[in-house]
Each structure stands twice: as structure tokens, then as C-alpha cells.
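Here are my notes for anyone opening this one for the first time. Have the structure up on screen and follow along point by point.

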Amino acid sequence: QVQLVESGGGLVQPGGSLRLSCAASGSILSIYYMGWYRQAPGKQRELVATISSGGSTNYADSVKGRFTISRDNARNTVYLQMNSLNPEDTAVYYCNVLSPGTLHWGQGTQVTVSS
């Protein structure tokens, strides 16, 4: 059983910053990659960023240069630093973790960018 606990979401003004955290716990043998997805109302879930076990990162074009994904392997935790936020970033953000044979999803955390 693996549980992903997300935190850090909330309401922020345009141009502001937030940092999301996702901690994985439970019987995880190893983690191939960790990442973040988001889903806005009326839209499909989309990739935001991923980071592999080797540290390779991948970003959506819409967030490249503004968001930074990082990880703490010792704590099985992934972070998403979000800078220069705009209203288009408003969505529910979901953490995901790929372990051997299984893709795990967090419960989602709301990020709202509004004045």
C-alpha cells in the first residue's frame, strides 16, 4: 500500500509563487519517476513536470522557465516550485509516482491564481 500526501496549494495573486510537496509512504521498493499533473475545470488532465530517478526533468512548454521540479530521494518526496503564476495555472494539481508495476496518484491539491 502506497500513499501520496500532497500539500502547499492555495490562493495566490498573479505573479506570486507557491511550492507544492508530495510525500510518498508505504511499501515502495523503488521509484522510477515522480511528477506533477494538473486539471482545470472543463479540461483534461495534463502533464506539468516529471523527474526521473536519475534526475532527468521534463516540463510542459507552458510552465518551462517558471516551474521547477525537484526531489528528495531519502524522503521519497517531490516538490514543485511555481513562480510567476498566472490565472491559467489555476487547476487541481496531482502528484504521481511510478514504482515497479504501479502508477500511484495523490488526492490532488487546489491551486487558484486570482486577484
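1. Start with D89. This is a predicted model, and in it D89 has a relative accessibility of 1%. The cut-off for buried is under 20%, so D89 counts as buried.

2. Which residue meets D89 in a salt bridge at 2.8 Å, N to O? That's R66. R66 sits in the loop between β6 (57–59) and β7 (67–72), while D89 is in the loop between β8 and β9, so this pair ties together parts that are 23 residues apart in sequence. R66 is buried as well, because its relative accessibility is 17%.

3. D89 also meets the side chain of R38 in a salt bridge, at 3.0 Å from N to O. Here the pair ties together parts 51 residues apart in sequence, because R38 belongs to strand β4 (residues 33–39) and D89 to the loop between β8 (77–82) and β9 (91–99). Both R38 and D89 are buried; for R38 the relative accessibility is 5%.

4. Now look at what else R38 does. R38 forms a salt bridge with E46, with the closest N and O atoms 2.8 Å apart. Is E46 buried or partly exposed? E46 counts as partly exposed, because its relative accessibility is 30%, whereas R38 counts as buried.

5. As a reminder of the general idea, side chains of opposite charge can pair when their charged atoms come close. The structure holds four salt bridges, among them R38 with E46, R38 with D89 and R66 with D89.

6. On to the cysteines. How many disulfides are there? The count comes to one, and this disulfide joins C22 to C95 with an S to S distance of 2.1 Å. C22 is in strand β3 (residues 18–26) and C95 in strand β9, so the pair links distant parts of the chain, 73 residues apart. The torsion about the S-S bond is about -80 degrees, which means that the disulfide is left-handed. Both C22 and C95 are buried.

7. N76 has a positive phi of about 50 degrees although it is not a glycine. You'll find N76 in the loop between β7 and β8, and it counts as partly exposed because its relative accessibility is 25%.

8. The other one is S84, where phi is near 50 degrees, again a positive value in a residue other than glycine. Where is S84? Check the loop between β8 and β9, which is also where D89 lies. With a relative accessible area of 42%, S84 is partly exposed, whereas D89 counts as buried.

9. Last stop: T50, in strand β5 (residues 46–52). T50 counts as buried because its relative accessibility is 15%. What does T50 touch, leaving aside its neighbours within four places in sequence? T50 is in contact with Y33, M34, G35, S56, T57, N58 and I69.

Methods
Residues numbered from 1 in each chain as written. Predicted model: local features only at pLDDT ≥ 70, side-chain atom pairs only at ≥ 80, totals over all residues. Heavy atoms only, no water. Buried < 20%, exposed > 50% of the residue type's maximum accessible area, 1.4 Å probe, protein only. Helix = DSSP H or I, 4+ residues; strand = E, 2+ residues; numbered from the N terminus. Disulfide = S-S within 2.5 Å. Contact = heavy atoms within 4.5 Å.
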